[in-house]
Amino acid sequence: MTDTHIDREALRVLRDVMEEGYPELLDTFLTDSESRLVDLRKAVDAKVLSEVAHSFKGSASNMGAVRLAALCQELESEAKNKSPAEIVKLVAQISGEFAEVRPVYESEKHPAHTH
Amino acid sequence: MQAQEPLTILIAEDSAADRLLLSTIVRRQGHNVLTAANGAEAVDLFRRQQPDLVLMDAMMPVMDGFEAARQIKALAGETLVPIIFLTSLTESEALARCLEAGGDDFLAKPYNQVILAAKIKAMDRLRRLQATVLQQRDLIAKHHDYLLNEQRVAKAVFDKVAHSGCLSAPNIRYLQSPYALFNGDLLLAAYTPAGDMHVLLGDFTGHGLPAAVGAMPLAEVFYGMTAKGYGLAETLREMNAKLKRILPVDMFCCATLLCLSFQRRSVEVWNGGMPDGYLHRIVTGERVPLAARHLPLGVLSAQAFDDRTEVHPMAAGDRVFLLSDGVIDTSDASDQLFGVERLQQVFAANREPDRLFEDIEQALRDFRGEARDDVSMVEVSLLEPAQVKPSAPVYSDSGQSCPLDWSVSFEFRGATLKRFNPLPYLLQLLLEVHGLRAQSGALYSVLAELYSNALEHGVLGLDSSLKRDAAGFARYYQQRNDRLEALQDGFVRVHLQVQPQGEGGRLVIRVEDSGKGFDVARVMERPLDGIRLSGRGVSLVRQLGHNASWSDEGRSACVEFSWEVEA
């Protein structure tokens, strides 16, 4: 796992801010993201795609998932220009990226992983 | 960071993770947090809990942030509830929509807690500023209403007091701006028991209510003392002493006080600090200035106060014109004053004496272009004695203790005659007798006439024939002042005797003096002409009282008043 996926400094700040609420935040983010991925896969309308991508981008950026946020940004702004095939490909990329970073957030939940 | 009062902050955000993160940050900064997952929930929460500030996501399901912001701003009304939009919006058009919807600021994702804290603090400052402005605006509006109401009440009360006099008498014309009182201008007029008329035009220093408050006590003294028969000198002394006592040092009252005597056909004037008044002699067209010879009322101590007056003869048709400094101190656009010279030009150009006020007003308008609220003018002329309608004094006693069988004698000697006017006391004593009250005017006129005859012609030896022309008139009063000043000996005795008589009663007044007397037979031969420029007032006394007689070579006068049933 390299820092092109996750902003480790952002995670450190989140841990500081949330204190004992940190694991709950991580869980909420993961649950929320799963439901957003479901929404993205279901969506056919470009406007809906763009809106879901916008929200997903927002929470991803707050959580330091920089590449996930960038992919969502691309979907948000390009949804209306891309072909269905391109969109399916982009949604798959977003899905893959989430699968990539998910273990990091899972492991962050355990106090042993603090410095 | 400076300690900040905790605010209640509403967070409207559909993303659960962002909502949790933001609430935690805001709570850790010491505020209370309310959360909503969409715009509709946010509006509902706002309605129920009135948070101080809103953090609002733009894109939300059910109701978006723009619509929620509009509704919240409408609900908040004049209160400033800052709305900070939470957004990763990058398009400038979307950012503009946030502002149009009533957003006050933006916060971009990812959240930075330092920036967030700074923004909350800045918005809180704005919110408090707006609250203070509203509070002060309301306070000012309240004070303003309060002040207006006070002025209305004060004006209503004062109008009652001011109009208890005789400003409506046919010989008085006046012009006063409606709120002149609140510029300190005051105009009063009242009859004396003898049927003379006292007129006061006053001008208190300052403006507004402070300038008006002194008017009440001044009017009270003016009416009270005039009704009781006090002359100008005593009334002036009392007014001066009262104002000196109650007003702060920098407040005083410029005033001109007149006593118009319709019997004597004269006007007595005291002017303290007012602009020159004018006695306009209709026959010659001459305007005799009535200049200020004294400091205003309320300045000098009783010891230093000068109550000396001037007396001028008046003919039928002559007018006395008084004005406040609002007239001559009116300034034009370049701060030039209207001044006395322009006023005199108006006098000179005036063709119809009855239109003098209108001419002056027109000249002021031409000069300045707008009217001032502190212009007071009054013009008085003589009344025919038959037109005089002194108001009946109001008595508050029941009449049970009315004294009906008594006599009393006074002897007023030199030093007392100089400065003391016994007439009001004598009149008050006599008016304890209810039967005499209906004739109080005649009684006072006769008493006043007999007393002034005894003093001026008897004790002071003044020649009444002096008063036949205007120059002699002035000389007469000059001599009166001089001789009174130098007076050592002499006396005036007043004997009053009240006896029951049938159902009513009888009063005998005898007035004696230490003078040389006069040729009674010769004076009694004259017809009862009622007009008294000279002639010792004999005909007045004979007309108003019964059985008037003179004895001891004119040194002793006697007159009777009787009444049938007790009033």
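User: What pLDDT does chain B average?
Analyst: Chain B of this predicted model averages a pLDDT of 86, and 93% of the residues score at least 70. pLDDT is the predictor's confidence in each residue, from 0 to 100.

User: Where in chain B is the pLDDT below 50?
Analyst: Over residues 530-534 of chain B, a stretch with 15 contacts in the model beyond near neighbours in sequence. A contact means that the C-beta atoms of two residues, placed from the backbone, lie within 7 Å. Where pLDDT is low, the predicted coordinates should not be read in detail.

User: How many residues of chain A are in contact with chain B?
Analyst: 18 residues of chain A, against 16 residues of chain B. H3(A) gives the largest share of chain A's side, 8 residues. Helices here are DSSP runs (H or I, at least four residues), numbered from the N terminus.

User: At what angle do H2 and H3 of chain A cross?
Analyst: The axes of H2 (residues 22-42) and H3 (residues 46-62) of chain A come within 10 Å and cross at roughly 160°. Axes are lines fitted to C-alpha atoms, for helices over the stretch in contact, and angles run from 0 to 180 degrees between N-to-C directions. H2(A) and H3(A) are therefore roughly antiparallel (over 145 degrees).

Technical notes:
Residues numbered from 1 in each chain as written. Chains lettered and ligands numbered in written order. Predicted model: local features only at pLDDT ≥ 70, side-chain atom pairs only at ≥ 80, totals over all residues. Helix = DSSP H or I, 4+ residues; strand = E, 2+ residues; numbered from the N terminus. Parallel < 35°, antiparallel > 145°, perpendicular 65-115°, else oblique.
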